[in-house]
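Thank you for making time for this at group meeting. I would like to go through one structure with you slowly, so please have it open while I talk.

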Amino acid sequence: MFAQLQPIPRDIPLPLPLPEWFLISVLIISFLIHILFVNLMVGGTFLTLLLEIVGLKNPRFNKLAKAIEATVTVNKSLAIVAGVAPLLGINTVYTIYFYSANALTGYAWISVVPLVIIAFLLLYLHKYTWEKYENKKVFHISILSVAFLLFLFIPLIFLSNVNLMLFPEDWASVKGFFSTLFMGNVIFRYFHFLAGTLAVNGLFFFWYFGREKYSVEEHLPGFTKDELKKYAYKLTFYVTLSQLVFGTLNFFTLPWKGVNWTLAYVFISGIIIAAVAMFLLWKELKSGNLGKRFVVIATLISVTVLFMGMGRHIYRKNVLEPHQKLVNERTMEYQKMKYELLKDTLIKK
Amino acid sequence: MDFPIFHLDFFGDRLLIAVIAVIHVIINHGLAVGFLPLITLMEYRGYKASKNGFPEGEKWDNLAYKFMFVAFVITTTFGALTGVGIWFSAALISPASIGSLIRIFFMAWFIEWVIFMLEVIFIMIYFLTWKKSNKDFAAKKKHIIAGTALSIFSWLTMAIIVGILGFMMNSGSWVEQKSLLTGFTNPMYLPQLAFRTPMAFVMAGSIAFFLTFLFLRKDFDFKKIVLKNIAYWMFIWTPHVFFAGIYYYSLIPDLMLANLPVAIATQAFQQWYDSLLYYLIAAIIVSMLFTVWFAFKPKRVPVFAAIIPILVIIVTMGTFERFREFVRKPFVLEDYMYSNQLLLDDYKIFQNDGVLKHATYTSTPEVTKENMLEAGKNVFDITCSRCHTHHNVNSVVRKFEKLFSPNGEPLDKQKMKDYIPVMHKGRYYMPPFPGNSPETDALVEYILSIQKSDINIPGAQVNGVQISPLHLK
């Protein structure tokens, strides 16, 4: 295999603030919490948009769209604030890698700030004008469409960075953000992420509309609780099935240098657990006894997600370890040389 | 030199973080810390009036809700995202310094994050349960208590973060690795907090004036009452801004002048310092004049006039923040790292070997006769570009022209070569030039070559990087 030359920068010459295993645990877990709320924000926006369009012909779906949008208001703010902890984590443990990727995609990276602001303002505009634009549905829908398009684009910026940071040998060939989209397997990670988003939303809305204190008669006339729960379960089921394609593609398009048997076992274990969860879900859909094993299903899926999160980290570790060794060597060499020079100066004084 | 160099050659890199950070400060002071207590008070006023059978009770509640709506929308969009933006922009323009800060102050920022998470949750609860709380007085009372708790908590977030920031800016904590608690026992801490708190309330009052004019255009009688009440709020808090501001201002020389090593530097310092006082006094006078006008002659006030006190407070806050950054120079991390991202400790090596030899990303690991201009550009990128652009904001060419060619005549090569190694002695906010003698020459040649051009060269975000052949494997 053709080995590309990679830059060997010096690392920040300060120790990590806490043991690395602790920082990595914080990074993985807080990232998964962040991604949960991002999924709910992006997926919730998509479902709102889809159902408002369906609602043009079938008005009861209009109300359902509005009810779903109410959850996006909360989830979007939690998504943003929950993103700070993993940002802190990755900045601390992978400073050289993450900041280098940020700089190389700088315009796109900083544009996340205004783009998310615009998306959020559009969400608010859409949310607070349901009645006002009742007779201007196309306009109302187009407001949300723009927000959704932004939500489709912004994850690409993040994926480009988390991908680029893994491949220092590619840094010299980057010329701006768009050139990074065809490096590694960004696009396949993206589709895997989108599918995951919808699957999580299914489980969330199963719980949300299924709560005892949520009165479907009051908020969503024309629906029954069971009907909503069925829709939610079906969404999770079919999208998770599609992950057999998207997830597999994602795995097999990963640059091979980071793949090893540990990684494969972790992913396979996650898939098996998800398969068990989907089997239980399918059984409930067939029997009509919806929710009997919801807690088990949700827990199993959470464990799958945890395995995926761990797998993500194992891949990152595998890919970066050789380079980190070289960085460490150069850093130590430099520090040694500096110490020798400064020592002489102090002695001379 | 160990990161690809992001660079904005029109606005300059400092403006990126300055704009984002000042927007964030205005929102967190004026629409969160300062605004939430005012809104809760208005809600309480409405509750009392309704309980006593006065119809204006509902008006107070509606207005307070509208204020809260504005605060909610702006804090959860611009407020939250500029907070993230500070992280993103600091990482782009100053990765070595923020990367170092994180290694030392991780726990401080982690604590800050937990507090922010809680604040976001509480603000959402307060806003999203507002309408429901109007169902009866008991629910309303609970809601007001929640608002009070939120107001106190919001202030606490500022109290903690000011301590953390103070700790990070204090050189003692760097070099001696002191505990986080020294951020709160620092003599600047309480005066700064005592100043920021009423400043936040006064900002909130200015914003409340504007929103009142906006929302109550059609209800003049109620508008008059509201304006008078906001005026009372302003009359209470503005004197605190003045006295706390003067006290904070009076402490600055003792605590910050000690960090300025050169006598001549105190002249520049004095100019900045005096201007701070003028801004503070001007802001207070303008704020009070407008308060009196709004309260006693509201009929004569055009809506746009209500923006003026807000702008005045913004300028004052911006000036204080700029001053804080001014006193930081020439360091970004005092006694450890200069604002060019280079460590004090490394200077001996660089002034011997040159910066280019140790730079990971450069097309010229050393200066030769053939590559003078290219090497000069690389030296500019590494040692100057954090603060300077070629021809635009804080232009390096204009700086030299001001000194040596005020009429735009060609710059004098020898004068520049003599000046660059000692410029930090005349201009204390400049870090010493870290390069060796050939690099000084290369830099000078480069600046001479671009003096009459109008080039604008963005950084690695457009042009990518070239890896030094000395540092690739």
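Into which domains is chain B divided? Before I answer, please keep in mind that what you see is a predicted model, and that its scores are ipTM 0.95 and pTM 0.94. For chain B the pLDDT averages 89, with 93% of the residues scoring at least 70. As to the question, the domain assignment gives chain B a domain 1, covering 13-338, and a domain 2, covering 344-471.

If you take the C-alpha centres of these two domains of chain B, they lie 39 Å apart, and the contact between them involves 15 residues from domain 1 of chain B and eleven residues from domain 2 of chain B. On the domain 1 side of that contact, helix α1 of chain B, residues 13-33, gives the most, with three residues. Sorted by class, that side of domain 1 of chain B has ten nonpolar residues, one polar residue and four charged residues.

Chain A has eleven helices and zero strands, and its C-alpha trace spans about 85 × 45 × 40 Å along the principal axes. Of the 349 residues in chain A, 40% are buried. When we consider the contacts in chain A with a separation of 6 or more, 79% of them are between residues 24 or more positions apart.

Chain A, too, is divided by the assignment, into domain 1 (18-184) and domain 2 (196-349). Taken over C-alpha atoms, the centres of these two domains of chain A are separated by 16 Å, and their contact takes 21 residues from domain 1 of chain A and 22 residues from domain 2 of chain A. On the side of domain 1 of chain A that touches domain 2 of chain A, the helices α1 (20-54), α2 and α4 of chain A each supply at least two residues, and the largest share, eleven residues, comes from α1(A). By class, this side of domain 1 of chain A has 14 nonpolar, five polar and two charged residues.

Now for the place where the chains meet. How many residues of chain A are in contact with chain B? There are 53 of them, and they are in contact with 51 residues of chain B. On the side of chain A that touches chain B, the elements giving two or more residues are α2 (59-82), α3 (84-93), α4 (95-104), α5 (106-127) and α11 (294-348) of chain A. It is α5(A) that gives the most to this side, with eleven residues. The classes on this side of chain A are 38 nonpolar, twelve polar and three charged residues.

Which residues touch the most other members of the largest nonpolar core? In that core of 201 residues, they are B:F35, B:I39 and B:F67, while the helix that gives the most to the core is α3 of chain B, residues 56-93, with 16 residues.

Terms used
Residues numbered from 1 in each chain as written. Chains lettered and ligands numbered in written order. Predicted model: local features only at pLDDT ≥ 70, side-chain atom pairs only at ≥ 80, totals over all residues. Core = buried A, V, L, I, M, F, W, Y, C linked by C-beta atoms within 7 Å. Buried ≥ 20, exposed ≤ 12 C-beta atoms within 10 Å, placed from the backbone. Helix = DSSP H or I, 4+ residues; strand = E, 2+ residues; numbered from the N terminus. Contact = placed C-beta atoms within 7 Å. Nonpolar A, V, L, I, M, F, W, Y, C, P; charged D, E, K, R; others polar. pLDDT = per-residue confidence, 0-100. Domains from an automatic or database assignment.
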